[in-house]
Amino acid sequence: VQLQASGGGLVQAGGSLRLSCVVSRSISNIGAMGWFRQAPGKQRELVARVTSSGNANYADSVKGRFTASRDNAKNTVYLQMNSLKPEDTAVYHCNALNSYYDPKPYYGWGQGTLVTVSS
């Protein structure tokens, strides 16, 4: 399975970006999809997860600013990021999760997208 994220770029603090991630297989029966990020020198962390019905949950660091969604017909997940902060700078990846309550990545890592937020 291939996971290809896109939509990253350079943005000023307070700005917005919308990330997309296309999955090379149907995601209709994938219970939960997640967005992860890895900042330089830090471990990869889960920032958002979204169920097949569209219910989403967020890390405290992005709650109220990020919105995760998915279009099962397009095999695509999205991450709308608003009010970006310099600490959001990272490479962002999507992945399927073992389950909503076991949010470990299921597949190998695909292509991520770099988000750089300047102060």
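Reader: Happy to look at this with you! Which rings pair, and how many aromatic pairs does the count come to?

Author: Rings of Phe, Tyr and Trp, the last by its six-membered ring, pair if their centres lie within 6.5 Å. This is a predicted model. By that rule, the number of aromatic pairs is 3.

Reader: Are the rings of F36 and W109 stacked or edge-to-face?

Author: Planes under 30 degrees apart count as stacked and those over 60 as edge-to-face. The centres of the F36 and W109 rings are 5.0 Å apart and their planes stand at 80°, so this pair is edge-to-face.

Reader: Thanks! How many residues apart in sequence are the parts that F36 and W109 tie together?

Author: F36 belongs to strand β4, residues 32-38. W109 is found in the loop between β10 (102-105) and β11 (113-118). The pair therefore ties together parts whose separation in sequence is 73 residues.

Reader: Is F36 buried or exposed?

Author: Buried means under 20% relative accessible area. F36 has a relative accessibility of 5%, so F36 counts as buried.

Reader: And which residue has its charged end over the ring of W109?

Author: W109 is partly exposed, at a relative accessible area of 32%. At 3.9 Å from the centre of the W109 ring sits the charged end of R44.

Reader: Now for the tyrosines: are the rings of Y100 and Y101 stacked or edge-to-face?

Author: Y100 is partly exposed at 22% relative accessibility, whereas Y101 is exposed at 75%. Their ring centres lie 5.1 Å apart with the planes at 80°, so the pair is edge-to-face.

Reader: Which charged end sits over the ring of Y100?

Author: The distance from this charged end to the centre of the Y100 ring is 4.5 Å. The charged end belongs to R49.

Reader: One last stop, T51: which side chain does a polar contact join to that of T51?

Author: T51 lies in strand β5, residues 45-51, and is buried at a relative accessible area of 15%. Leaving aside residues up to four places away in sequence, T51 touches G31, A32, R70 and Y100. The polar contact, of 3.1 Å, joins the side chain of T51 to that of S53.

How values were computed. Residues numbered from 1 in each chain as written. Predicted model: local features only at pLDDT ≥ 70, side-chain atom pairs only at ≥ 80, totals over all residues. Heavy atoms only, no water. Helix = DSSP H or I, 4+ residues; strand = E, 2+ residues; numbered from the N terminus. Buried < 20%, exposed > 50% of the residue type's maximum accessible area, 1.4 Å probe, protein only. Lys NZ or Arg CZ within 6 Å of the ring centre and 35° of its normal. Polar contact = N/O pair within 3.5 Å; in protein donor to acceptor, adjacent residues only side chain to side chain. Contact = heavy atoms within 4.5 Å.
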